[in-house]
Amino acid sequence: MQFLEARGLPTRKDERYKYTDVAAVLEPDFGLNLGRLSLQFDPRQTYRCRVPGLGSSVHYVVGDSVAESNVLIDDGSLFVGSMVEFAQRYPDILRAYYNKVEGDSLAALNTLLVQDGLVIRVAKGRKVADLLQIVNLSVGSVPMLANRRQLIIMEQGAEASILNCNHSATRCSNLATEVVEGVLAEGSHLQYYSVEETTNNCNLLNTTQFVQHESSKLDYASITLNSGLSRRTINITLDGTHAQTAVSGLVLANDNRHIDNNLLVVHNAPLCSSDILYKYVLDGSSIGAFAGKVLVNAQAQKTDSQETNANLCVSPTARMFTQPMLEIYADDVKCNHGSTVGQLDDTALFYMAQRGITPEEGRLLLQQAFAWDVLQRIDLLPLRQRLMHMVEERFRRGAGACGDCVMCAG
Amino acid sequence: MSREARVKNDNTFVRDVANRDYEYGFTTDVETEVIERGLSEDVVRLISQKKGEPSWLLDFRLKAFRHWQTMEQPTWGHVHLPAIDYQAISYYADPRGRKRKSGPQEIDPELEKTFDKLGIPLNERLALSGVAVDAVMDSVSVKTTFKERLAEKGIIFCSISEAVANHPELVREYLGSVVNYRDNFFAALNSAVFSDGSFVYIPKGVRCPMELSTYFRINAINTGQFERTLIVCDEGGYVSYLEGCTAPMRDENQLHAAIVEIVVHKDAEVKYSTVQNWYPGDREGRGGVYNLVTKRGLLKGEGSRLSWTQVETGSAITWKYPSCILQGDGSVAEFYSVAVTNNHQQADTGTKMLHLGRNTRSTIVSKGISAGHSQNSYRGLVKMGSKAHGSRNYSSCDSLLLSDTCGAHTFPYIDVNNDTSVVEHEATTSKISEEQLMYCNQRGIPPEEAVALIVNGYAKDVLSKLPMEFAVEAQKLLSVSLEGTVG
């Protein structure tokens, strides 16, 4: 609160918020579920988010509370459940890991307002076989502000895969502030995928922070298929040697969507690697923004870092801002970044037209191929295939038409 | 050979170069008329009066000064620019002093000697054929050579003060048309107190037969240099313009806030090359020039071309973004830069390419070399306007790190507003590879020479764009600037 008072909310004059007007997002009069009223809503009945062929345990967060039960799993080495419950069972652990996000006003706002959250703790050496799927549902018949929080603790040698989906079960405009904090201890491996498939009324302000220790490995991907304004601030700090991080993102936007990904990867230890790939396909009058900074501190010798950002503007009124940055204070490093903004290759379209593929189909194929580069980096095959299907559907049938959920059915 | 062993391996080349340090650090003992320190409306009026300016120019200065008073020194650069006390600087220093009465064409022999020492002969007989020079010391233009020969072709090449007196219509039309006095803090300051600089006008269809060049020198103590250069190249014209600069070694920092404006009309071409070698301060980072410059070109007509080439080796702090506004359809802009920082130098430099017209093309090649404790940043903006259909940009920024205490940074901004333009950007950061050094050593090239060789090869893309005389000087400068950085 003090930080928020001193600093205020970010404005467009803040370098990291140059392309997103936070004040405008927060301006509407949103309701807050302060009384912790239980919502008459059964997510399993009304909402399905399924990934065929994937053995996963699915857990719902409705609005900003964990649905169904406070403790979803607690078998000694794996805890999935409400933060309030976790605080009672493991107060010391929570204290050690909670609220370590520094210098971000939106995270501070979330900390101020948040009432509960989700904790996933994987204890030392535990390898979770099933995918943990968290479905965040925006609900409410009036405009609501949901403050969601996730804390992910990966202890030494732990392994887990998490799929975080954002969906909406309301046509009312709403805003979610979301803070995801994760710590990867020595030798742990986390796959974290975030899929946004909401409506143009759903705005998201997300702050994600991962701290990685020695030889830990993080695969992070955010896939934005449909949303209103979506802003993600992603901070990854590599604190231990030989830590590896792969960050990818795919954004498909049309109409007047505004998608902003702001990434900061800090290399604090030697021999770490980071690999960043972000792709945007912008249609309509959508605005895409990407800023990715790789900061290599003096002690982080032998860093290997790659950053690629490729963007397609497929309509004359789409707008793309990109800012791939390097800030390097160590000399023995290999860092590069590349960024392009362009259109589909005319030669390829011509080639396909020659072979009887219609221009529309040709464009579709090229756009899909462009997007699939990012999806190829997802290790879980069923999930990758499902996302490929969703991307194809998205290109063919437009936004918000997965044909699979209550919103489409309704 | 291990890295430590190589560093210890004393070599006369490095010692030679290290002892050479900054070659141009001498001062000239010449009677200089300096006005009182401080900045106020009266000072602006005094400068205007000393130069005998018309009232419209005084109004321009006063407007800029009043606007400057409302502004704050910017802090967004990746440099530690200390708060400058603008009242501690003298804004006008005239080394021609009181001798002016004896006629403006006669130069003090001391001044002539100074420029001779810098390798810039002001005597036309001795001068390198093919280069006309405007020599500017402190706040005034000392001499412009080959003026008459150029005038035969209708080319105007003179100091901006002379241009104000002799060609007021041209100056009035173009001054401030590319860099408005409201543009930024230092542009407002310059617009208020600018003293001298060069003016070039190339008439329709004329190819300038020789290279034009301005040599800037700061001599007097506690003064700032605020030069203003204006180049107008009319339809189908061509000019290649060179700029060089040095300053004496002083423990205090000196301020240099210049504006360069270039207007390129239809099918005309301007090449602007800079070798910037202001005093960079000593090894502990004491002294040196703050080089805070606004340079911008307007590619006004169809098919116009502008190319900026810069070799930045001097200055304690460099803050400079030679930019291009590609307004004419099919205009072409290029930016080639080598920025070398050593010891405690800081550089934040790059370019802006604003594509407004259709089918415009721009190329950016930036090479940064950092050594010692220096910080070297590339900052660039490529913007494609909504009407800039079919435009292309290619940017490439490479950084080379020569010590483990320096920094190399890249901050590109790309902003695309249409669906037919293509923008590509790539950047790499690396050090000189052990393999390359090993290869050179195997062939009997000692480590220091190998580094110089590799660095020169690395910067070749840019150096090859420089005119001949400058390329040689720039190559020499590169090796001097990198003294003692073997690694």
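Predicted model: local features only at pLDDT ≥ 70, side-chain atom pairs only at ≥ 80, totals over all residues.
Residues are numbered from 1 along each chain as its sequence is written, and chains are lettered from A in the order in which they are written. Local features need pLDDT of at least 70, side-chain atom pairs count only at pLDDT 80 or more, and totals for chains and interfaces use all residues, while side-chain values use heavy atoms, leaving out hydrogens and water.

**Stop 1: chain A**

Select chain A and switch to cartoon: ten helices and 20 strands are there (DSSP runs, H or I of at least four residues for helices and E of at least two for strands, numbered from the N terminus). Now colour by accessibility: 60% of its 410 residues count as buried, meaning under 20% relative accessible area with a 1.4 Å probe, protein chains only. Of the contacts (heavy atoms within 4.5 Å) in chain A with a separation of 6 or more, 83% join residues 24 or more positions apart.

**Stop 2: the side facing chain B**

Next, show both chains. Here 36 residues of chain A touch 33 residues of chain B. Zoom in on Arg319(A) and Asp415(B), whose side chains form a salt bridge at 3.3 Å, N to O (a Lys or Arg side-chain nitrogen within 4 Å of an Asp or Glu carboxyl oxygen). That is the one salt bridge counted between chain A and chain B.

Then select strand 19 (319-328) and strand 20 (334-342) of chain A, the elements that give two or more residues to this side. Strand 19 of chain A supplies the largest share, ten residues.

Note on methods
Buried < 20%, exposed > 50% of the residue type's maximum accessible area, 1.4 Å probe, protein only.
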